[in-house]
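The sequence and structure come first.

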Amino acid sequence: MFPIFKTKIAGLKKKFDLNNPQERKKYFQLKAGKEIKKLRDYFKKGNSFVVYLLGKKNSGKGTYSKMFTEVIDPERIEHFSIGDMIRGIDKELKDKKKRQELIEFLEKNYRGWRRIQELVTLLERRSTTAPLLPTELILALVKREIQKRKKKTLFIDGFPRDLDQINFTLFFRDLIGYRDDPDIFVLIDVPEKVIDERMKYRRVCPTCQTSRNFKLLPTSKIEYNSKKKEFYLLCDNPQCKGGRLVPKEGDEKGIKPIKERLKKDEKLIDQANSLYGIPKVYLRNSVPKSKAREYLDDYEITPEYYYEFDAKKKKVRVQEKPWIVLDDEGKKSYSLLPPPVVVSLIKQITKVLNL
Ligand SMILES: [Zn+2]
C-alpha cells in the first residue's frame, strides 16, 4: 500500500463544500497555492511533461487528471485516453477520405509484423469484440495524435495497458518527440470495495448519459414512490429534459465480472512501481479510519447519502453519514473525495520536477 498523504493543516478551522466549484477553488489555493503557482510558471516558460496514469478500472484516472488540468492550466494540459482515441478512429474509418489518410499515415509510420489491411480490420473489429491491439500500432496512433496537439502536457490514460508495454514507456518520449521532457508514472491505489460500490450504485440518465451514484453522488432531485417504497434520482442536468436515472445493465454485479481484469491491472501497477529510472507519484484513495483525524480534514472524506420520506410535507430528506469501507487489507477506511487526492498529486508532481 502507498504512503498516506497528509492534507490536513494543523489549527485550520475553515470548512469547504468540495462539490461547489467556487469553494473548491478556494480550497486548492489554501492547500496547495504555492505549488499551483510554481506549476503555472513552469508551463508559462514553455515546459511540459508526460504522465502515465496507472490504476485499476474505475479508479478515477480521468477524474483526477481532469481536475488537475482544471486547477493548473486547461490550455496547456490534456487528458489523453487511448480508449477514446480508438473510438475516434472507429469513426474515421467510416469516412472514405479520412480512412485513406489513416492508411497513408500507417504506411509511413507503422513498423511491426502485420500488414496495414490487417491492422485496419483489427481496428474495425475492436468496437465489438475488443481484442488487444498490437503495441506497435498503438504507438504509431499515439504519435499521430500527439503531432496534432503540439507540445502539450499529457496525462496518458490506457498506456501501458499490458505487461509487455511497460518496456515501451521507457522509449516512448523519444519516439514521440518529448525528448527533453520529464515523464512520470502516477500510480493510483483504490480499494476494490470502493470500485465495487461505485459500480453497484451507479445510476445513469438514459437521455443525456449523466452518471451519478445513488449512495455516493446523488443528483439534487430525488423522488419517492410510496407504493414500491423506493427512492429514485432524477436528472438535474439543465441541458436535459430530465427523468429517472437507471442502473446500467450488469452493474448490479459490481466487480465480480471484472475480477480478472482487476488482477491484471494490479500486476501492471506492481511492475511499474518496481521500475527504476522513472519518477513515481503515489495517489491513495483511502485512509484507515484510525489515521483519518491525523491526516485529513472531515470535509475531505466521501460521505454516504441516504434518504427519508417526510409523509406530512411529502418531501424527500437527504441525509449523510461517513462512509466506511474495508480497504484491500480489510481495515476500516474512509474514501477521499477527489480534491484532496489532487492536492497530493499537485504537491508530488511539483517535487518530482524540482520546482
Ligand atoms: Zn439527463
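## Basis

Buried means under 20% relative accessible area, exposed means over 50%, and partly exposed lies in between, with a 1.4 Å probe and protein chains only. This is a predicted model, in which local features need pLDDT of at least 70 and side-chain atom pairs count only at pLDDT 80 or more, while totals for chains, interfaces and linings use all residues. Residues are numbered from 1 along each chain as its sequence is written, and side-chain values use heavy atoms, with hydrogens and water left out.

Helices (H or I, at least four residues) and strands (E, at least two) are DSSP runs numbered from the N terminus. Contact means heavy atoms within 4.5 Å.

Pro288 belongs to strand E10 (residues 286-288) and is buried, at a relative accessible area of 5%. Its contacts, leaving aside neighbours within four places in sequence, are Ile4, Lys331, Lys332 and Ser333. Of this group, Ile4 is 284 residues from Pro288 in sequence, with a C-alpha to C-alpha separation of 9.3 Å.

Leu234 is located in strand E8. Between the C-alpha atoms of Leu234 and Glu294, which are 60 residues apart along the chain, the separation is 38 Å.

## Zinc site

The zinc ion has four protein donors, the SG atoms of Cys205, Cys208, Cys235 and Cys240, lying 2.3 Å from it. Donors are N, O and S atoms within 2.8 Å of the metal (3.2 Å for Na, K and Ca); water is not among the atoms, so sites may look incomplete. Along the chain the donors follow the spacing C-x2-C-x26-C-x4-C. The site is tetrahedral, with angles of 104 to 113° among its 4 donor atoms; four donors count as tetrahedral if all angles lie between 85 and 135 degrees.

Cys208 and Cys240 link distant parts of the chain, being 32 residues apart. Cys208 sits in the loop between strand E5 (202-204) and strand E6 (211-213), and Cys240 in the loop between strand E8 (230-234) and helix H9 (259-273). Cys208 is partly exposed at 26% relative accessible area, whereas Cys240 is buried at 13%.

## Helix packing

Two packed helices are described by the angle between their axes and the distance between the axes. Axes are lines fitted to C-alpha atoms, for helices over the stretch in contact, and angles run from 0 to 180 degrees between N-to-C directions. Helix H4 (residues 96-109) packs on helix H6 (residues 135-148) at about 115°, with the axes 10 Å apart. H4 and H6 are therefore roughly perpendicular, a term that covers 65 to 115 degrees. Leu102, Phe105, Leu106 and Asn109 of H4 meet Leu137, Ala140, Leu141, Lys143, Arg144 and Gln147 of H6.

Helix H2 (residues 61-72) and H11 pack at about 70°, with their axes 9 Å apart. This angle makes H2 roughly perpendicular to H11. From H2 the contact involves Thr63, Tyr64, Met67, Phe68, Val71 and Ile72, and from H11 Pro338, Pro339, Val341, Val342, Leu345, Ile346 and Ile349.

## Thr350

Thr350 lies in helix H11 (residues 338-352). With 4% relative accessibility, Thr350 counts as buried. Not counting residues up to four places away in sequence, Thr350 touches Glu35, Lys38, Leu39 and Leu355.

Methods:
Four donors count as tetrahedral if all angles lie between 85 and 135 degrees; four count as square planar and six as octahedral if opposite donors are over 155 degrees apart and all others between 65 and 115; anything else is irregular. Angles under 35 degrees count as roughly parallel, over 145 as roughly antiparallel, 65 to 115 as roughly perpendicular and the rest as oblique.
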